[in-house]
Amino acid sequence: MSFRTKDGKRLAKTLRARASQPRVGERAPSDKQLRQYLKSAGNAADHSGLRPWRMITLRGDERSRLGAAMSEAHGDKHPSTKPLRAPLLIAVVGSYRADKYYKVPQWEQLAVAVEVVHGLQLLLQAEGWGSFWRTGRVVEEAAVRELHGLGEHEQLLGWLYVGEMTDRPKAARRRSLSDASLTSLRG
């Protein structure tokens, strides 16, 4: 691989090493640290500067409240323990500007939110934190939406589970690009 600068090589290495870390430890970054990370990750390509996203942190008992809302959504008797798998959950919310759909359609606003989360994951990894993104149909359930205080033009995209990197971080999967991944308009 040939990158022209040291920074380019370092960035490529970080991107290639990115992997979801389903097992994280009990420490997590502070809100102050998260704000710093989001200052950088939030610098995503954003048509019209709408910032069509927001993040909600869930720590401590807030994670149990989410487990109860998940169970309510599924009709289960016992609270889900899934939210307890990491000390910090970051709810990722697409906070769309419907009044701007004529210029910036919802799919483009969604793309911005996803790009911010990807940047945040890369920064967390670079700083020694493990993370993994969880989603599923439960994000659409009324009890879960209500818990997060979502508005009419908001969509819960899932949760980023965050904690300290374990002694044995999961390695990135090495996948080769197929020839179909990059083609020319000519053929």
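**Close-up views of a predicted model**

**View 1. Met-55 stands opposite Val-92 in S2.** Here S1 and strand S2 (residues 88-95) run antiparallel and are joined by seven bridges. Strands count as paired if DSSP finds at least two bridges between them. Helices (H or I, at least four residues) and strands (E, at least two) are DSSP runs, numbered from the N terminus. This is a predicted model, in which local features need pLDDT of at least 70 and side-chain atom pairs count only at pLDDT 80 or more, while totals for chains, interfaces and linings use all residues. Residues are numbered from 1 along each chain as its sequence is written, and side-chain values use heavy atoms, with hydrogens and water left out.

View 2. Axes are lines fitted to C-alpha atoms, for helices over the stretch in contact, and angles run from 0 to 180 degrees between N-to-C directions. Contact means heavy atoms within 4.5 Å.

**View 3. Now for a helix pair: helix H2 (residues 31-41) packs with helix H4 (residues 106-126) at an angle of about 125°, their axes 9 Å apart.** H2 and H4 are therefore oblique to each other; angles under 35 degrees count as roughly parallel, over 145 as roughly antiparallel, 65 to 115 as roughly perpendicular and the rest as oblique. From H2, Leu-34, Tyr-37, Leu-38, Ser-40 and Ala-41 meet Val-116, Gly-119, Leu-120, Leu-123 and Leu-124 of H4. The residues of this contact divide into eight nonpolar, two polar and no charged. Ala, Val, Leu, Ile, Met, Phe, Trp, Tyr, Cys and Pro count as nonpolar, Asp, Glu, Lys and Arg as charged, and the others, Gly among them, as polar.

**View 4. Arg-27 forms a salt bridge with Glu-164, and their closest N and O atoms are 3.3 Å apart.** Arg-27 lies in the loop between helix H1 (6-17) and H2, and Glu-164 in strand S4, so the pair ties together parts that are 137 residues apart in sequence. The structure holds five salt bridges (a side-chain nitrogen of Lys or Arg within 4 Å of a carboxyl oxygen of Asp or Glu).
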